[in-house]
Amino acid sequence: MVSAAEMTPVDPSAPGRIARVWAFVGRHRVFAAAFAMGGVLRLITMLGYGPAMWFNDSYEYVSVALHPRPHPIRPDGYGFWLLLLKPFHSFTLVTMSQHLMGLATGALIYALVRAKFGLPKWGATLAAVPVLFDAYQIQLEQLIMSDTLFTLLVVGVITIVLWNRRMSWKLGVVVGLLLALTALTRSIGLPILALVVAYLLIKRTGWKAIVAVIMACAVPVLAYMGWFSTNFGKFAMTNSDGLILYMRTAIFADCNKMHIDKYRELQMLLLCINDPVNQRKDYAQWYLWGQGNGDGQGTGEVLHRWGAGKKFTDITNEAASAFATRAITSQPGDYLKVVARDFFRAFNWGRPRFPDEKTYNMYRFIPFYELDDSGNPKRLPQWPSYQGRTDTDAYTYEQGPPETKIVAPFAQIMSGYQQVVYLPGIVLGGVMLIGLYGTVVRWRRFGGPVILPWLGAFGLLLAPAATAEFDYRYVLPAVPLACIAAAITLRRGVTLARVRPKPASASEPTTVPA
C-alpha cells in the first residue's frame, strides 16, 4: 500500500522558460530597472543622432573596412568589426552593437561583484551605474570609434580572471584570445597581457594556464605584425609609436639641452622646434596633427618638413622616437611635469575645454551642431583617404547618406541629460582612492583581487598621459575597472553580517533558497 505522502506530485503549472526569466529578473529587480533605463537612454540617442556620430579617427576605420590593410597609425581590430558588419550597410547597426556592448559591460560588472564577491544587489548595481548612465559613455557608443569595443574586451578579461580562482589551460586560451583582440583594437591593450600574467603568477596559477594565455595572445598579434611587415617592411603593429611619443615631448623639448650633434644627427635636428618655449602650443596633439606651413616657425608644424604624405613612414617614426627618447632623458623633470599634469586632468570636477573647442565638442550631444544654415545635416569632411575620400567612403559603407541627422526632441533630451548626468572627475578620483585603499590593506596578499582591476584602471589613465596626451575618451575605459576595484574593497563594509545557521536536526528539513 502506497501512502499519499510517498506519491510524487506533478505540478501542471511548473514554470517554463519565460517564467524562469521573469523570476530571475524579479530577483535582480534593482539592476534590471537600471539596465532597462540605460537601454532607453541609448534608444533615445539612436533616435536623436542617427545613423552615427563622427570623430576625426572614424573615417580611417571605415576606410580599413572598405579596403582591408594594416593601418600605419592604429591596429585594425575595430576596422575588422566594421568589416564584419559591412554586408548590412548600416551605421545604425554599428552603433546599436556598441550600445549593446555598453550594456553588456554594465552587466558583467554587476554579475562579477554580486555573484563572485557577494555585494548586495543595490551595491552591485551602483558599481555598474557609471557605465549604464554616464552621458559621455553613451555618446561615445554613438561614435564610430573603437573605445566601446575595447572597454568591453578589457572588462571581459578582468571578469574571467577574477571569477575563476583556478584557471584551466582551456580557459587560459579564451583569456589569451580576448587579450589579443584587446591589443588589436587599441595598442594600449597589449600591456594588459603583462598585468594579467603577473597577477596569475602571484596567484600561483598553474603553468599550463599561464602558457596558454601567453600563446593564445601571441599567435594573433604576431600574425598581425607579420602582415604589417609585408606592407611596411617593419615587424610591428603600427608605424606611429615614435611619432606619438614625439608629440608628447614636443611640448617641452629644448634642443639646447638635448645636445644634438648637428653633423651626425641631422634627422633629429629637423624635429627641433624653433618657437620659444613660452610661445608653444599648450597641447601636444597640435605637434602631430596641426596644419603647418612647412618651415617649423610660428604656426608651422615641424613634421611637415618631411614632405606631404611622408609623416607616418618608418624613417620619420624612428627619428621621432630617437628625438623623444633624448628629450625625456635630457629633461626628465619637464617630462614628469607634463605627465603628472595630464594624469590629474582626469580628476577635475568639471570638464575644461581641452585640447581645443572643436575636439571637446565631438564628445558632446550638442543640439543641431551638425546642421548647416539651411537646417540640413552638414556634409562629412572631404579629406583624402586610401583609394578614396572620407565622405565617399562613408557613403559607400552606408549605401546612403551617412551624415548625422539631428532629430527633435530626442537630441534635445540627450543634450540636456549630458549637462547633468555624468561622472565628475573628482568622483572618479574618490573611486580610485577607495581601490587604492583596498590594495594597501591587502599588502600581505599583494593587493588580493583588488590589485588587478585597480592597476588596470591606473594604467589606462597613466598610459595616455605618459605616451601621448590626455583625452576625455581615454578616461572612460578606466571607469569600469575602477568601479570593480572599489566594489571589491567595500564588499565587507556594505554586506550585512551573516548569521551562521544552526545545524539542522533530523526532524527539520534542510532548504536551499531559490
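This is a predicted model: local features need pLDDT of at least 70, side-chain atom pairs count only at pLDDT 80 or more; totals for chains, interfaces and linings use all residues.
Let's start with the rings. Across the whole structure, a search turns up 25 aromatic pairs. One of them joins phenylalanine 91 and tyrosine 397, which are stacked with 4.7 Å from centre to centre and 20 degrees between the planes. This pair bridges distant parts of the chain, since phenylalanine 91 belongs to helix α5 (residues 91–116) and tyrosine 397 to helix α19 (residues 390–398), 306 residues apart. Both phenylalanine 91 and tyrosine 397 are buried. They also take part in a cluster, in which ring pairs link Trp54, Tyr59, Phe91, Trp383 and Tyr397.

For another geometry, look at phenylalanine 343 and phenylalanine 344: their ring centres are 5.2 Å apart and their planes stand at 85 degrees, so this pair is edge-to-face. Phenylalanine 343 is buried at a relative accessible area of 11%, whereas phenylalanine 344, at 52%, is exposed.

Now turn to the helices. The axes of α9 (residues 169–185) and α11 (residues 207–232) come within 7 Å and cross at roughly 35 degrees, and the crossing is right-handed. Among the residues making the contact are Trp169, Gly172 and Leu184 of α9, with Lys208, Pro220 and Tyr224 of α11. By class, the contact has 16 nonpolar, two polar and one charged residues.

Finally, find threonine 125 in helix α6 (residues 121–133). Its relative accessibility is 5%, so threonine 125 counts as buried. Beyond its neighbours within four places in sequence, threonine 125 touches Val30, Phe31, Ala34 and Tyr110. A polar atom of the threonine 125 side chain lies 3.5 Å from the backbone nitrogen of phenylalanine 31.

Notes: Residues are numbered from 1 along each chain as its sequence is written. Side-chain values use heavy atoms; hydrogens and water are left out. Axes are lines fitted to C-alpha atoms, for helices over the stretch in contact, and angles run from 0 to 180 degrees between N-to-C directions. Helices (H or I, at least four residues) and strands (E, at least two) are DSSP runs, numbered from the N terminus. A crossing is left-handed if the near helix is turned anticlockwise from the far one by less than a right angle, and right-handed if clockwise. Contact means heavy atoms within 4.5 Å. Ala, Val, Leu, Ile, Met, Phe, Trp, Tyr, Cys and Pro count as nonpolar, Asp, Glu, Lys and Arg as charged, and the others, Gly among them, as polar. Buried means under 20% relative accessible area, exposed over 50%, partly exposed in between (1.4 Å probe, protein chains only). A polar contact is a pair of N or O atoms within 3.5 Å; within protein, one must be able to donate a hydrogen and the other to accept it, and residues adjacent in sequence count only if both atoms are side-chain atoms. Rings of Phe, Tyr and Trp (its six-membered ring) pair if their centres lie within 6.5 Å; planes under 30 degrees apart count as stacked, over 60 as edge-to-face and the rest as tilted.
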